[in-house]
Amino acid sequence: VVGLIEDASRVQSRTFKADGDVIILLGETFAELGGSEFLKTIHGQVKGRPPRLDLDKERALIRLLVRAIGAGLVRSAHDPSDGGIAVALAECTFDTNGMGCEVDLPGSETVVATLFSESASRAVVSTTREQADALLRMAAEAGVPARVIGRTGGSRIKISVEGETAIDCDVRDAERRWSGALAAFFKRQAS
């Protein structure tokens, strides 16, 4: 366990590190919105079947991440299970002085499911252009689905689904709104 923690500490955070890095989605997205932040926040509902967890897939993903981090192939990593990939990508741009990303996601049943599904056994990682192929090969060897979904850079969060723009917003504006919502949440909790 100590070795795993030491390897994981090489990735300093969820935040993207440099313009032009490659963004890779590890794992698969399914139309799983049950119990999601999307349902709770947008529809005020806490219901439905939660995402299924396959322990073999989770184990393979964790082993891959530890191995790839240990090899120095991962610059940032973030779990999209709390809010979905759209939220995870936005959070990866926060605390970067406004560095954005441009991503095109493969579609699932609906655009909403693609953006906000909380499917398990996934990670959004970034790596350098030079190391992307090595990381993709390592994922294939580990039996973890992996695909390049975009690049870091610019000052906007641009997310498309199957080539159709779904989200296009300024990073600083999104971060300001996110920070304000978080502050309001804690203020309500303290009341």
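These are my notebook entries on one predicted protein model.

**Ground rules.** I number residues from 1 along each chain as its sequence is written, and side-chain values use heavy atoms, with hydrogens and water left out.

**Whole chain.** I looked up the secondary structure and found seven helices and seven strands. Helices (H or I, at least four residues) and strands (E, at least two) are DSSP runs, numbered from the N terminus. Along the sequence I read α-β-α-α-β-α-β-α-β-α-β-β-β-α. The chain has 191 residues, and 41% of them count as buried. Buried means under 20% relative accessible area, exposed over 50%, and partly exposed in between (1.4 Å probe, protein chains only).

I then checked contacts, meaning heavy atoms within 4.5 Å. Among those between residues at least 6 apart in sequence, 84% join residues at least 24 apart.

**Ser121.** I found Ser121 in the loop between α5 (111-116) and β4 (123-127). Its phi is near 60°, a positive value in a residue other than glycine. Ser121 is buried, with a relative accessible area of 12%.

**Glu162.** Glu162 also has a positive phi, near 50°. I located Glu162 in the loop between β6 (156-161) and β7 (164-170). Is Glu162 buried or exposed? Glu162 is exposed, at 57% relative accessible area.

**Ser160.** Ser160 lies in strand β6. Its relative accessibility is 14%, so Ser160 counts as buried. Leaving aside neighbours within four places in sequence, I listed its contacts: Val103, Asp104, Leu105, Thr165 and Ala166.

Methods: Predicted model: local features only at pLDDT ≥ 70, side-chain atom pairs only at ≥ 80, totals over all residues.
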